[in-house]
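Colleague: I am new to this one. Please show me the model, and then I will ask for a close look at a single part.

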Amino acid sequence: MLVPEDYPPALRDVTTDVHRRGRRLRVGAWKVAGDLPASFRYAAQGLAYGFASQRNFRIHVFTGGFVFGMGLWLQLAADRLAVLVLTVAAVLVLELLNTATEAVVDLAIGRQFHPLARIAKDCAAAAVLVAALSSLLIALLLLVPPLLIRLGI
C-alpha cells in the first residue's frame with residue numbers, strides 16, 4: 001500500500017507494515033472490525049503496543065503483579081483481592097488512555113506546540129498519577145496490616 005509522503009512518520013511506519021503472521025494489518029483507524037476475533041486482535045495489539053512502548057505501563061503491570069502476588073501470599077479474602085485487581089486495572093486503563101490521548105494530540109498538531117495540546121497531555125498524565133497514588137494507598141491499607149501480622153510485628 002502506498003502512503004502519501006505528507007503523512008506523519010509514525011503513520012507511514014504503521015501503514016507500510018502490512019504483513020504480520022501472514023495476514024494484512026488493518027490500515028486506517030476508520031475501518032470497523034469485520035468480526036469479533038478481529039476486535040480482540042486489535043485490542044491485543046493495543047495492549048502489546050502499550051507494553052512495548054510505554055515504560056510506565058510496564059512499571060504498573062509489574063507492580064500490580066507484585067501487589068497481587070503479595071495479596072495471595074498474605075491470603076487476603078477474595079473481596080480484598082478484587083479491590084486490588086480493580087485498582088490496578090484502573091491504573092492500567094488510564095495509562096492506555098493517556099497513551100491514546102498523546103498519540104491523537106500528536107497526530108492532530110504534529111511537531112508543533114499548542115497550549116491546549118499541553119493541557120490535554122498534562123491532564124491525561126495527571127489522571128494516571130491520581131489513580132496510581134490512590135491505588136498505592138489502597139494497596140498499603142489492604143496489605144500492611146496482614147503483612148505486619150505475618151511478620152510478627
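This is a predicted model: local features need pLDDT of at least 70, side-chain atom pairs count only at pLDDT 80 or more; totals for chains, interfaces and linings use all residues.

Which side chains meet in a salt bridge at 2.6 Å, N to O?

Modeller: Residues are numbered from 1 along each chain as its sequence is written, and side-chain values use heavy atoms, with hydrogens and water left out.

Your pair is Asp106 and Lys121, whose side chains meet in a salt bridge of 2.6 Å, N to O. A salt bridge here is a side-chain nitrogen of Lys or Arg within 4 Å of a carboxyl oxygen of Asp or Glu. Asp106 lies in helix 4 and Lys121 in helix 5, so the bridge ties together parts that are 15 residues apart in sequence. Helices are DSSP runs (H or I, at least four residues), numbered from the N terminus.

How open is this pair? Asp106 has 36% relative accessibility, so Asp106 counts as partly exposed. Lys121 is also partly exposed, at 25%. The scale is simple: buried is under 20% relative accessible area, exposed is over 50%, and partly exposed is in between (1.4 Å probe, protein chains only).

The structure holds two salt bridges. Arg118 and Asp122 form one of them, with their closest N and O atoms 3.5 Å apart. Both residues lie in helix 5, four residues apart, about one turn of the helix. Arg118 counts as exposed at 52%, while Asp122 is partly exposed at 41%.

Glu95 is buried and has no salt bridge. The nearest side chain of opposite charge is Arg55, 8.5 Å away. For charge, Lys and Arg count as positive and Asp and Glu as negative; His and the chain ends are not counted. Glu95 does have a polar contact of 3.4 Å with the side chain of His60. A polar contact is a pair of N or O atoms within 3.5 Å; within protein, one must be able to donate a hydrogen and the other to accept it, and residues adjacent in sequence count only if both atoms are side-chain atoms. Leaving out residues up to four places away in sequence, Glu95 touches Asn56, Phe57, His60 and Val128. Contact means heavy atoms within 4.5 Å.

Gly71 has 0% relative accessibility, so Gly71 counts as buried. Not counting residues up to four places away in sequence, Gly71 touches Leu76, Leu81, Leu84 and Leu143. Gly71 and Leu84 are 13 residues apart in sequence, and their C-alpha atoms are 8.1 Å apart.

How values were computed: Helices (H or I, at least four residues) and strands (E, at least two) are DSSP runs, numbered from the N terminus.
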